Amino acid sequence: MTTSISTWFWSDRFWLPENVSWADLEHPPPGVEYPRLGHLVCVLPLAVGVFLLRKLFERLVAKPCAHILQIEAGVPRRAQPNAVLERLYQSKMCPDTRQLEGLSKQLDWDVRKIQRWFRIRRNQDRPSMQQKFCESMWRFTFYLVTFLYSISHLWVSPWMWDTRHCWYNYPFQSLSPEQYNHYVAELAFYWSLMFSQFIDIKRKDFIIMLVHHLATIILITFSYANNMLRAGTLVMCVHDASDIFLEAAKLANYAKYQRLCDGLFVVFSISFFFTRLVIFPFWIVYSVLFESWEIAGPYQAWWLFNGLLLVLQTLHIIWFYLITRIAIKAIFKGKVSKDDRSDIESSSDEENHSNFNKSTLKPKDFNHSSGLNGETHDH
């Protein structure tokens, strides 16, 4: 039964060009290695290693840097123990008006007091500024190292300068150690993010990011199995480039270097535009759409991959619109608007809520290419 499902799922007609089978890829010429799904077995244990490395990095490197920059962890005010409110909080962090009125009658508490309890309880679960600094420093380091590594091997690759080389003799293209290392590093990193989401403090965008990480893992895995490594490494390199500046802007924001934060965010916006709205669509997507059709010919999985790339490009356009709004505010008002998903609510938030909504507009929740206080990733 399992063999039949596997055979159906990995159908030659779906995943490979016409007149090519998986058997053809199992016996490469001497000295040549083709990608095989079995090569990625090591990714899960490596992901655990990456997660442990992150914890070690945060403790030994990021946290001392936070202390030097005087970014303290802080101790949030703790909510008064209450079993009834805690039980509701576990299922709904922000109760509606009807629930608040019911709780008021049940506990003989004023509605305002119950709202204050939930606000304090939410703040209690929010990550501290130091924790967010450590997480951003880890991601900044990973993106920087991965980008430099990918550029070092792509720079001497002919397909970086002429994308038609991505499709010559496809799928019979040899696997290089650099391509393998790049793919394994990215996969292990995203699997580690999957693990950490269940261990770290949950954010508002938990489900969104869980789906995002899962989709990223699936795309990277299938492009490896399908031997789209040349185009795949280009896609990952282009995405890592702008992420470096986003995480750098977050670090400056947490350290309260506002001018540096604003400048880095503008640099991030410019780099995002050139990498995601110029290089990605007119260089990589164009190659996958038109050059691959001309050289290798279309097949069923070809439509799937191109459809996903076009969806991703649509998201890039939406994200850039939101990023531009923040960047313009940084230029003309002198301060980057923060994503309020992870901001800690002050005790006066409730009192000033209506006035705040009238006077301030904060773009929020557009993946990790937007706000400076959230945990997000947009590959």
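Reply: The account below begins with the aromatic rings and then turns to other sites.

The model is a predicted one. Across it, the count of aromatic pairs comes to 33. One of these joins F9 and W10, whose rings are edge-to-face, with 5.2 Å from centre to centre and 85 degrees between the planes. F9 also pairs with F222: the two ring centres are 5.9 Å apart and the planes stand at 50 degrees, so this pair is tilted. An angle over 60 degrees would be needed for edge-to-face and one under 30 degrees for stacked.

The positions of the two partners in the chain deserve attention. F9 belongs to helix 1 (residues 2-9), whereas F222 belongs to helix 11 (residues 206-225); the pair therefore ties together parts that are 213 residues apart in sequence. F9 itself is partly exposed, because its relative accessibility is 36%, which lies between the limits of 20% for buried and 50% for exposed.

The unreviewed UniProt entry annotates residues 37-53, 140-160, 206-225, 264-289 and 301-323 as "transmembrane region". In the model, residues 206-225, the span of helix 11 that holds F222, are 100% helix and 0% strand, with the end C-alpha atoms 29 Å apart. Residues 301-323 are likewise 100% helix and 0% strand, and their end C-alpha atoms lie 33 Å apart.

An aromatic ring also takes part in a contact of another kind. The charged end of K113 sits over the ring of W109, at 4.3 Å from the ring centre.

A further site is S271, in helix 13 (residues 258-295). S271 has a relative accessible area of 13% and is therefore buried. Apart from neighbours within four places in sequence, S271 is in contact with S242, F245 and R276.

The cysteines complete the account. A disulfide is a covalent bond between the sulfur atoms of two cysteines. A search of the whole structure finds zero disulfides. For C134, the closest cysteine sulfur is that of C65, and the distance of 8.6 Å is too far for a bond, since a disulfide requires the sulfur atoms to be within 2.5 Å. C134 counts as buried because its relative accessibility is 4%. C166 is also buried, at 4% relative accessibility.

Definitions and conventions. Residues numbered from 1 in each chain as written. Predicted model: local features only at pLDDT ≥ 70, side-chain atom pairs only at ≥ 80, totals over all residues. Heavy atoms only, no water. UniProt positions renumbered as here; feature names shortened; annotations may be inferred. Helix = DSSP H or I, 4+ residues; strand = E, 2+ residues; numbered from the N terminus. Phe/Tyr/Trp six-rings, centres within 6.5 Å; stacked < 30°, edge-to-face > 60°. Buried < 20%, exposed > 50% of the residue type's maximum accessible area, 1.4 Å probe, protein only. Lys NZ or Arg CZ within 6 Å of the ring centre and 35° of its normal. Contact = heavy atoms within 4.5 Å.
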